[in-house]
Amino acid sequence: KEKVKITKEQQALMKVVVEAYNRHQIPQDVAKKLLQEQYSEEENFLLLTEMATSQVQVLVEFTKNIPGFLSLNHEDQIALLKGSAVEAMFLRSAQVFSRKMPNGHTEVLEERIRKSGISEEFMTPMFNFYKSIGELHMMQEEQALLTAIAILTPDRPYVKDQQAVERLQEPMLDVLRKLCVLQHPQEPQYFARLLGRLTELRTLNHYHAEMLTSWRMNDHKFTPLLCEIWDVE
Ligand SMILES: CCOC(=O)[C@H]1CN(C(=O)c2ccc(F)c(F)c2)CC(C)(C)c2c1[nH]c1ccccc21
């Protein structure tokens with residue numbers, strides 16, 4: 001049974017990624033606002049767009065701190081950000097949503113999210129994803145590395161130098177795999193389950209695109225940054 005060992009370089013890589021991930025914590029105040037009182041559907045939607053806008057800014061800062069990202073071809077940097085923005089949003093949403101909250105708060109939060117002008121058909125896959133992430137009880141190192149791995153997906157649309165992206169993603173996958181073996185010795189499939197979440201995440205991209213169309217129908221307003229990253233008109 002080979003002894004799995006995280007090397008010094010891998011420790012350093014993990015430290016940089018986790019620190020960047022924690023430095024840009026989403027202000028939990030939007031979730032708290034949503035929990036504080038009952039708003040109208042429009043106000044809920046506005047709160048969520050505010051949350052999404054600040055999350056995109058957080059995502060860009062986090063991505064810039066991924067070792068090697070800034071030395072990628074500039075167009076590829078944009079392609080990776082645009083290609084992963086929605087997945088990163090849902091990954092972060094899942095982490096915010098499955099955070100330990102006082103009794104009944106999670107249900108209230110779910111209720112408020114449901115009352116924000118989003119069609120019911122997208123809620124089920126979204127909350128199923130949140131629950132499947134919650135069940136993993138991921139450590140913050142795993143959350144940070146999984147987010148970096150999602151961003152460094154080589155086969156996003158318009159990425160020219162896929163090999164360069166693979167060379168950045170592989171070391172992240174390596175250290176995450178070792179971390180899972182060391183932190184979950186009783187669960188040899190834990191790493192595979194984490195990567196399975198990334199596949200589930202991709203399906204949410206599709207639902208999000210559909211959601212956008214329905215929001216556009218009821219002329220919902222978005223911020224310029226969201227229009228840019230979500231390809232809204
Ligand atoms: C971390 C950044 O996440 C977002 O901004 C999500 C938040 N979303 C949540 O389910 C969610 C999770 C936990 C919370 F505590 C919370 F308050 C919301 C998903 C979605 C409803 C689809 C959404 C977001 N922003 C929007 C903007 C317009 C329309 C819809 C959304």
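Helices (H or I, at least four residues) and strands (E, at least two) are DSSP runs, numbered from the N terminus. The structure is a predicted model, in which local features need pLDDT of at least 70 and side-chain atom pairs count only at pLDDT 80 or more, while totals for chains, interfaces and linings use all residues. Residues are numbered from 1 along each chain as its sequence is written, and side-chain values use heavy atoms, with hydrogens and water left out.

**Exercise 1. Loop residues**

Task: Determine where His137, Tyr158 and His220 are placed, and state whether His220 is buried or exposed.

Solution. 
Step 1. His137 belongs to the loop between helix 6 (120-136) and helix 7 (140-151). Its phi is near 45 degrees, a positive value in a residue other than glycine.
Step 2. Tyr158 lies in the loop between helix 7 and helix 8 (162-183). Although Tyr158 is not a glycine, its phi is positive, at about 70 degrees.
Step 3. The classes of accessibility are buried (under 20% relative accessible area), exposed (over 50%) and partly exposed (in between), with a 1.4 Å probe and protein chains only. His137 counts as exposed because its relative accessibility is 65%. Tyr158, at 76%, is exposed.
Step 4. His220 sits in the loop between helix 9 (190-217) and helix 10 (224-229). With a relative accessible area of 18%, His220 is buried.
Step 5. Contact means heavy atoms within 4.5 Å. Not counting residues up to four places away in sequence, His220 touches Phe45, Gly117 and Trp215.

**Exercise 2. The nonpolar core**

Task: Identify which residues of the largest nonpolar core touch the most other members.

Solution. 
Step 1. A nonpolar core is a set of buried Ala, Val, Leu, Ile, Met, Phe, Trp, Tyr and Cys residues joined through side-chain atoms within 4.5 Å.
Step 2. The largest such core has 78 residues, and those touching the most other members are Phe90, Phe129, Met172 and Trp230. Helix 4 (residues 74-97) gives the most to this core, namely 12 residues.
Step 3. Beyond its neighbours within four places in sequence, Phe90 is in contact with Met126, Phe129, Tyr130, Leu201, Leu204, His208 and Met211.
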